[in-house]
Amino acid sequence: MPAKLVKGLEVAKPLREELKKRVEAIKAKGVNPKLAVVLAGSNEASKVYAQSKEKVASPLGIEFELHIKPDNVTTDELTALIDKLNADPKVHGILVELPLPKGIAKEQVMNRLNPKKDIDGVHPFNRGYLLGGQEDLALVPATPKSCLRLIESTGVPIEGANVTVLGRGDTVGRPLTSLLINRGATVTVCHSKTKNIDAVIKKSDIVVAAIGRAGFVKADWLTANQVIIDVGINQLPDGSITGDVDPKAQEIVAFVSPVPGGVGSLTTSIIMDNLLDAVRLQGLA
Ligand code: NAP
């Protein structure tokens, strides 16, 4: 039987309905949730990501403002902008699109964010809360949170599951590992130095692939009943986008998230979820 596709929009739809209600409840308390996005440099993908946040925010009743800075912006100018947004009581969440232009001290910019406005969970305080299992105090990075929601949507239990996280990157692999451990999974993290990745993957109940290598996970490494979440975004020579998992996985496993249409289609809604969590953490709702 072909795998069931775990589509991001199918999970996003009910989430957006829930978010609309939360926004209404927050507005009833006199607070208008507002997201500020900082777009530094001329990276085309970042522009698209920033626009997609605006598109999702407005139907939910969330205010949006975009701060565009040129390629030659300095670290000092960016930290000054962050200071201004941190101090603005009308702004509840700040997101700095990555990558930043060459020469910018990324950590200096990210570490300047007020942790309670850091809606992509990049500040060390938020990382620490997540690592220490205090998720109620944390703003959690959106992409791993999307992976978690997709796994949960399958109904396959996370507690007690053997999960392989392929990739130990800061954006996906590391925070996702904490989210899964916090939920009682047994997690194996694989990366470029791991031996026999195929054997590790074969004995997993759930696999999340986040390495950025087209078709790296081969169909013959997979077995029936597995849940596969494909986070990879890779551009093929013909311009099409594909994931880290061989598309033939769909003929073998129980659930697989498509690329495109999987994790990426949910992430923007999760950012809005985090914005409303930020309002709560700021003691405003
Ligand atoms: P990253 O920080 O560059 O990390 C990549 C990880 O992959 C590293 O841990 C690296 O191992 C590992 N790796 C690379 N080649 C490998 C190989 N041949 N075998 C085993 N491991 C290998 O990347 P990231 O930011 O986490 O992103 C990962 C992927 O997710 C990318 O394709 C990115 O575009 C995608 N992504 C998608 C979304 C979305 O919304 N769908 C959001 C964010 C990222 P080492 O640590 O040993 O070098």
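Helices, runs of H or I in DSSP of at least four residues, and strands, runs of E of at least two, are numbered from the N terminus. By that scheme Asn274 lies in helix α9, which covers residues 264-281, and the protein as a whole has nine helices and eleven strands. The radius of gyration, taken over C-alpha atoms, is 19 Å, close to the 19 Å that the globule rule (2.2 Å times the number of residues to the power 0.38) gives for 285 residues, so the protein is as compact as a globular protein of that length.

This is a predicted model, in which local features need pLDDT of at least 70 and side-chain atom pairs count only at pLDDT 80 or more, while totals for chains, interfaces and linings use all residues. Residues are numbered from 1 along each chain as its sequence is written, and side-chain values use heavy atoms, with hydrogens and water left out.

Along the principal axes, the C-alpha atoms fill a box of roughly 55 × 40 × 35 Å. Of the 285 residues, 49% are buried, meaning under 20% relative accessible area with a 1.4 Å probe and protein chains only. When contacts (heavy atoms within 4.5 Å) are taken between residues at least 6 apart in sequence, 72% of them join residues at least 24 apart.

Apart from its neighbours within four places in sequence, Asn274 is in contact with Ile119, Leu139, Val140, Ala142 and Lys145.

Conventions. Buried means under 20% relative accessible area, exposed over 50%, partly exposed in between (1.4 Å probe, protein chains only).
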